[in-house]
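Subject: A structure for you to look at

Hello,

Please open it and keep it beside you as you read.

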Amino acid sequence: MLDKILDVVVIDCDIAGGSVAGSVSESIVHPKKGRDIFFHFTRALLVGWALAVFVSPAVSERFKLSKSESVAIAFIGGYCGIKILSTAEKVIQRKITSETKD
C-alpha cells in the first residue's frame, strides 16, 4: 500500500525510503528538545523527499549505479542534507541576531 502511494509521489520508492531514512536517522542521532522534535522530523521528511525526487535519481543515472548503490547514496544524502540544513539555519540565525544587536 505504501509503495503504491510513494510511486505516485516519487520516481523510485526504494530511493525515497533510503533518503527519508537517512534524514530521520540524523534526527534520531542528534535529538532535539521538547516541541522542536515535531518540527525537526517534519523537516527531515521534506528534505528526504526532495532528495529522493530531485537529487538521487540524477546521481544514480549519471554514475550508472545499481539499485543497492542508489539506495545507499540516497541514505547518505538524506543524512547529510538535513545536517547541512541545520547548520545553515544556525549560521543564518547568528547573522540575524548579530545584526539586530548592532
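Below is what was found, going from the whole chain to single residues.

First, some ground rules. This is a predicted model, in which local features need pLDDT of at least 70 and side-chain atom pairs count only at pLDDT 80 or more, while totals for chains, interfaces and linings use all residues. Residues are numbered from 1 along each chain as its sequence is written, and side-chain values use heavy atoms, with hydrogens and water left out.

**The whole chain**

Read from the N terminus, the order of elements is α-α-α-α. Of its 102 residues, 28% count as buried (under 20% relative accessible area, with exposed over 50% and partly exposed in between, using a 1.4 Å probe and protein chains only).

How confident is the predictor? The mean pLDDT of the chain is 79, and 83% of its residues reach 70 or more; pLDDT is the predictor's confidence in each residue, from 0 to 100. Where pLDDT is low, the predicted coordinates should not be read in detail.

**Helix α3**

Helix α3 covers residues 36-62, and its 27 residues should span 39 Å at 1.5 Å a residue; the end C-alpha atoms are 37 Å apart, which agrees. The expected span is 1.5 Å times one less than the number of residues. There is also a kink of about 45° in α3, centred on A52, where the bend is the angle between axes fitted to the seven residues ending there and the seven starting there. A52 is itself one of the buried residues of this helix, which also include H40, R43, V47, L51 and P57.

K64 sits in the loop between α3 and α4. Its phi is near 50°, a positive value in a residue other than glycine. Is K64 buried or exposed? K64 is exposed, with a relative accessible area of 72%.

**Helix α4**

Helix α4 takes in residues 67-101; at 1.5 Å a residue its 35 residues should span 51 Å, and its end C-alpha atoms are 51 Å apart, in agreement. Its buried residues are S70, A74, G78, G81, I82 and S86.

- G78 is buried, with a relative accessible area of 0%. Its C-alpha atom is 9.2 Å from that of A50, 28 residues away in sequence.
- I82 is buried too, at 0% relative accessible area. I82 and E26 are 56 residues apart in sequence, with 7.2 Å between their C-alpha atoms.
- I76 counts as partly exposed, at 48% relative accessibility. The C-alpha atoms of I76 and S19 are separated by 7.2 Å, though the two residues are 57 apart along the chain.

**How α3 and α4 pack**

Two packed helices are described by the angle between their axes and the distance between the axes. For α3 and α4 the angle is about 130° and the axes are 8 Å apart; axes are lines fitted to C-alpha atoms, for helices over the stretch in contact, and angles run from 0 to 180 degrees between N-to-C directions. The two helices are therefore oblique to each other (under 35 degrees counts as roughly parallel, over 145 as roughly antiparallel, 65 to 115 as roughly perpendicular and the rest as oblique).

Key:
Helix = DSSP H or I, 4+ residues; strand = E, 2+ residues; numbered from the N terminus.
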